[in-house]
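Hi,

Here is the structure I promised to pass on. Could you have a look at it before reading my notes below?

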Amino acid sequence: SGYNHVIALGGGEVWSWGYNHQGQLGLGHRKNVSTPAVVTELSERTCVKASCGAYHSVVVTDTGVCYAFGSNAHGQLGQGDTNERETPVVMEQLEGHHIADVACGFHHVLALVADDSLPALSSTLLQPVPDGAVFFTNGDVLTALMPAA
């Protein structure tokens, strides 16, 4: 769960409820929701992992595609900007890589890369560390991409 919102998976669908001021429920609006609602933008996909940050949410599909929505004040949605999203968008900086798992912090995202290549994300890419993880930053947020074992 996030700061005041919840993302849950059931039958491959994504359900969300709670506080929604930054669009972190992915429902296409910013109204708070008191009962679980299906994130219809993801209904055509089978989602297998989900995580919530303070005011953002991230889900991973069975094909390893990562979607994000909500607050993006620190670039945590991986879009190369700081615009909030009320509906799920593919994390552009992770496109082309199979994501095995994801975890959100207050204003950041950690992604576990399942393939054996790590992306050259942008000019903000920092050098790889010995275990193969790659860190990149957008503003004051540090994100780590770690190869699956």
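A residue is called buried here at under 20% relative accessible area, exposed at over 50%, and partly exposed in between (1.4 Å probe, protein chains only). By that rule Cys 47 counts as buried because its relative accessibility is 4%.

Please bear in mind that this is a predicted model: local features need pLDDT of at least 70, side-chain atom pairs count only at pLDDT 80 or more, and totals for chains, interfaces and linings use all residues. Residues are numbered from 1 along each chain as its sequence is written, and side-chain values use heavy atoms, with hydrogens and water left out.

Now the cysteines. Searching the whole structure turns up zero disulfides (pairs of cysteine sulfur atoms within 2.5 Å). For Cys 47, the nearest cysteine sulfur belongs to Cys 66 and is 10.0 Å away. Cys 104 has its closest cysteine sulfur in Cys 52, at 6.9 Å, so the two are too far apart for a bond.

Cys 66 is buried because its relative accessibility is 3%. Its C-alpha atom lies 6.7 Å from that of Ile 99, 33 residues away along the chain.

Best wishes
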